[in-house]
Amino acid sequence: MGDQRTYQEAAAIRGGDHRRLHDADWARLPHDLLARVANRIVNEVDGINRVVYDITSKPPATIEWE
């Protein structure tokens, strides 16, 4: 994308540890993995210029992000 400002969409990554049915914690993924995934998404998916990693546990958040 270079140095120019872009106005596109964000993509969210959500990795969860779902060992119990009623609650789930966010997965502690390695930073280098997150960096590689984010870089590929931004460079290879049209319309995406930002990638975020959701670290909200359930509860209070739900598994589905609507």
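This is a predicted model: local features need pLDDT of at least 70, side-chain atom pairs count only at pLDDT 80 or more; totals for chains, interfaces and linings use all residues.

Colleague: What share of the residues is buried?

Modeller: Of the 66 residues in the protein, 14% are buried.

Colleague: And which pattern does the protein follow along the sequence?

Modeller: The order is β-β-β-α-β. That makes one helix and four strands.

Colleague: What about contacts, how many join residues at least 24 apart?

Modeller: Take the contacts between residues at least 6 apart in sequence. Of these, 72% join residues at least 24 apart.

Colleague: Give me an example in C-alpha terms. Where does Ala12 sit?

Modeller: Ala12 belongs to strand β1. Ala12 itself is partly exposed, at 41% relative accessible area.

Colleague: Switching to charges. How many salt bridges are there?

Modeller: The structure has four. I'll go through some of them. One of them pairs the side chains of Arg14 and Asp54, at 3.3 Å from N to O. Those two come from distant parts of the chain, 40 residues apart. Arg14 is in the loop between β1 (9-13) and β2 (16-17), while Asp54 is in the segment after β4 (48-53).

Colleague: Why would such side chains pair at all?

Modeller: Opposite charges can pair when the charged atoms come close.

Colleague: Asp54, buried or exposed?

Modeller: Buried. Its relative accessibility is 13%, and the cut-off for buried is under 20%. Arg14 is partly exposed, at 30%.

Colleague: How far is the C-alpha of Asp54 from that of Ala27?

Modeller: The separation is 9.6 Å, and Asp54 and Ala27 are 27 residues apart along the chain.

Colleague: Back to salt bridges. Which residue does Asp25 pair with?

Modeller: Arg28. The closest N and O atoms of Asp25 and Arg28 are 2.8 Å apart. Asp25 is partly exposed, with a relative accessible area of 33%. Arg28 is exposed, at 54%.

Colleague: What else is Arg28 doing? Which ring does it lie over?

Modeller: Trp26. Arg28 lies over the face of that ring, 4.0 Å from the ring centre. So Arg28 counts as exposed at 54% because the cut-off is over 50%.

Colleague: How many aromatic pairs does the whole structure have?

Modeller: A search of the whole structure finds one. The partners are Trp26 and Tyr53.

Colleague: What is the geometry of the Trp26 and Tyr53 pair?

Modeller: Edge-to-face. The Trp26 and Tyr53 rings are 6.4 Å apart centre to centre, with 75 degrees between the planes.

Colleague: Which parts does the pair tie together?

Modeller: Trp26 is in strand β3 (residues 25-26) and Tyr53 is in strand β4, so the pair ties together parts 27 residues apart in sequence. As for cover, Trp26 is partly exposed, with a relative accessible area of 22%.

Colleague: Last topic, the helix. Which residue does Glu44 form a salt bridge with?

Modeller: Arg40. The closest N and O atoms of Glu44 and Arg40 are 3.0 Å apart.

Colleague: How are Glu44 and Arg40 placed in helix α1?

Modeller: Helix α1 covers residues 31-44. Glu44 and Arg40 are four residues apart in it, which means about one helical turn separates them.

Colleague: And are Glu44 and Arg40 buried or exposed?

Modeller: Both Glu44 and Arg40 are exposed. Contrast that with Asp54, which is buried at 13%.

Technical notes: Residues are numbered from 1 along each chain as its sequence is written. Side-chain values use heavy atoms; hydrogens and water are left out. Buried means under 20% relative accessible area, exposed over 50%, partly exposed in between (1.4 Å probe, protein chains only). Contact means heavy atoms within 4.5 Å. Rings of Phe, Tyr and Trp (its six-membered ring) pair if their centres lie within 6.5 Å; planes under 30 degrees apart count as stacked, over 60 as edge-to-face and the rest as tilted. A charge sits over a ring if NZ of Lys or CZ of Arg is within 6 Å of the ring centre and within 35 degrees of the ring normal.
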